[in-house]
Amino acid sequence: MLQKGDKAPDFSLPGTDGKEYSLSDFSDKKLVLYFYPKDMTSGCTLQANGFSERYPSFCEKDAVVVGISPDSIQKHIRFKDKEKIPFLLLSDPEALVARSYGAYGKKKLYGHEYEAVIRSTFVIERGIIVSAEYNVKPKENPQKTLEIIK
């Protein structure tokens, strides 16, 4: 798992605007990178809406919010349109980036163990992890992340 002070893993993923993004594309701002399991599910929608509601406050603090899940770009676009999400979503279909951030691993549901995205949020400045939060709560995470941004 990543910790404060670690170098953030680089990535190259397609975004909902049709462009390819890497970590260096966000080097001039504070980057809030959050990993979530699946578009249009209750917890993920709650979390995305929380970030959307606070989006102007993140912008005021010179921070950019980016969500990453294994869903396809087409599904991300439907999710953005349906929920009016104002920020970029990136597609990580093989969960390679999620794995590099420690945001993928074993989970349990009703006694059944499986591997999936672990809801996690990172604040990154100039390529360095400022905050790494794992197993975050969808409702509380956006506000707590906003409080971390200085």
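1. Met40 first. This residue sits in the loop between β3 and α1. Keep in mind throughout that we're looking at a predicted model. Most residues other than glycine have a negative phi, hence the flag. With a relative accessible area of 34%, Met40 is partly exposed.2. Ala95 is the other one to look at for its backbone: phi is near 60° here too, a positive value in a residue other than glycine. You'll find Ala95 in the loop between β5 and α3. What is its state, buried or exposed? Ala95 counts as buried, because its relative accessibility is 4% and the cut-off for buried is under 20%.

2. On to the overall layout. The chain has four helices and nine strands, and going along the sequence they come in the order β-β-β-α-β-α-β-α-β-β-β-β-α. The radius of gyration is 14 Å, close to the 15 Å that the globule rule gives for 150 residues, so the chain is as compact as a globular protein of that length. If you want a box for the C-alpha atoms, roughly 40 × 35 × 30 Å along the principal axes will do.

3. Some whole-chain numbers. Of the 150 residues, 49% are buried. Take the contacts with a separation of 6 or more: 62% of them are between residues 24 or more positions apart. The accessible surface comes to about 7800 Å², and carbon and sulfur atoms account for 51% of that.

4. The largest nonpolar core has 25 residues, and Phe11, Leu33, Phe35, Val66, Tyr101 and Ile124 are the ones with the most contacts inside it. Which elements give two or more residues to this core? They are β3, β4 (63-69), β5 (88-91), α3 (96-100), β8 (120-125) and β9 (128-134). Apart from it there is another core, of 16 residues, with Phe58, Val65, Leu89 and Leu146 among them.

5. Setting aside neighbours within four places in sequence, Phe35 is in contact with Ile68, Val97, Ala98, Tyr101, Ala103, Val117, Ile118, Arg119, Ser120 and Phe122.

6. Aromatics next. How many aromatic pairs are there? The count comes to 12. One of them is Tyr36 with Phe79: the ring centres are 6.2 Å apart and the planes are at 40°, so this pair is tilted. The two residues are 43 residues apart and link distant parts of the chain, with Tyr36 in the loop between β3 (30-35) and α1 (42-60) and Phe79 in helix α2 (residues 73-83). Both Tyr36 and Phe79 are buried.

7. Phe51 and Phe58 make another tilted pair, because their planes are at 40°, with ring centres 5.7 Å apart. Phe51 is buried at a relative accessible area of 0%, and Phe58 counts as buried at 0% relative accessibility as well. Phe58 also turns up in the 16-residue core.

8. Finally, a charge over a ring: Arg99 lies over the face of Tyr104, at 4.1 Å from the ring centre.

Notes. Residues numbered from 1 in each chain as written. Predicted model: local features only at pLDDT ≥ 70, side-chain atom pairs only at ≥ 80, totals over all residues. Heavy atoms only, no water. Phe/Tyr/Trp six-rings, centres within 6.5 Å; stacked < 30°, edge-to-face > 60°. Buried < 20%, exposed > 50% of the residue type's maximum accessible area, 1.4 Å probe, protein only. Lys NZ or Arg CZ within 6 Å of the ring centre and 35° of its normal. Core = buried A, V, L, I, M, F, W, Y, C linked by side-chain atoms within 4.5 Å. Contact = heavy atoms within 4.5 Å. Rg over C-alpha atoms; globule rule 2.2 N^0.38 Å. Areas by Shrake-Rupley, 256 points an atom, 1.4 Å probe, with all protein chains shown as cover.
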